[in-house]
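Keep the structure open beside you as you read.

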Amino acid sequence: RYATELDDFEGICDNVITFGGGGNLPEYVIHQIEMIVKLINQYTISLKLEKQGNQYICNIKLENEKAASMVYAPSFPFAICVQTKDTNSLYKQIESDMFKGLIADILRFYESGECSFDTNQTLLVMKIRTGVINAMDKLGEWIDL
C-alpha cells in the first residue's frame, strides 16, 4: 500500500502480478495482497494456490473479469507487473521505503483520527490472506471466498 511505485498504476490496471518474499508465506503475503487491493479494489471471488519447492503461486479471480496473481519465493524482492486498460504491460521493482510511508500514515492517523484509505480494503486484504492460508492445505484447488 505504501510503496510509492504503486502510485503510477492506481486506476489504470485490470490485471496485476506481484512478486515478493520473506521468511514465510503466511506472514509476508500480506504485502503483496496490499499492493493488489490498492490497485484493484474489487470483490474477490476465489483463489488457487500452487507450490513449487518453497515457492508459491496464487491466482486470484476478482469481479468484473479482473485477475491478480502473487508469486512468493523466500529470496524475491518485492515487485509488480500490471496490465493496463490499453493492454500495455508495465513492471516495477519496489524500491521505495514502504515502511517509512506506513509509519508516517500511522502517525497522521493518531493526530487526525482519520484513516487515509477505505477501511473496507483492510477487510478485503484479511479475507484474501485467510484464503491463502487456508489454501496451503488445499493446493491446486479453487477456494471460494
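Asp7 sits in the segment that comes before β1 (13-20). Please keep in mind that the model is predicted.

To place Asp7 against another part of the chain, look at Ile40: the two residues are 33 apart along the chain, and 12 Å separates their C-alpha atoms.

## The chain as a whole

The chain holds three helices and seven strands. Starting at the N terminus, the order is β-α-β-β-β-β-β-α-α-β. Its C-alpha trace spans about 45 × 35 × 30 Å along the principal axes. The radius of gyration is 15 Å, which agrees with the value near 15 Å for a compact globule of 145 residues.

Of the 145 residues, 39% are buried. Taking contacts between residues at least 6 apart in sequence, 68% join residues at least 24 apart. The accessible surface comes to about 7,900 Å², and carbon and sulfur atoms account for 52% of that surface.

## A cavity inside

Searching the whole structure turns up one cavity of 30 Å³ or more. The largest cavity has a volume of about 30 Å³.

Which residues line the largest cavity? They are Leu25, Val29, Leu49, Tyr56, Cys58, Met70, Tyr72 and Val132. At least two lining residues come from each of α1 (25-39), β3 (55-62) and β4 (67-72). By class, the lining has eight nonpolar residues, no polar and no charged.

Note on methods: Residues are numbered from 1 along each chain as its sequence is written. This is a predicted model: local features need pLDDT of at least 70, side-chain atom pairs count only at pLDDT 80 or more; totals for chains, interfaces and linings use all residues. Side-chain values use heavy atoms; hydrogens and water are left out. Helices (H or I, at least four residues) and strands (E, at least two) are DSSP runs, numbered from the N terminus. On a 1 Å grid over the protein atoms alone, a cavity is a set of points where a 1.4 Å probe fits but cannot get out, and a pocket is an open set with protein on both sides within 12 Å along at least five of seven lines; lining residues have an atom within 4 Å of a point. Grid points are joined across faces, edges and corners, and a volume is the space filled by probe spheres set on the points. Ala, Val, Leu, Ile, Met, Phe, Trp, Tyr, Cys and Pro count as nonpolar, Asp, Glu, Lys and Arg as charged, and the others, Gly among them, as polar. The radius of gyration is taken over C-alpha atoms; the globule rule is 2.2 Å times the number of residues to the power 0.38. Buried means under 20% relative accessible area, exposed over 50%, partly exposed in between (1.4 Å probe, protein chains only). Contact means heavy atoms within 4.5 Å. Accessible areas come from the Shrake-Rupley method with a 1.4 Å probe; for residues, only the protein chains shown count as cover.
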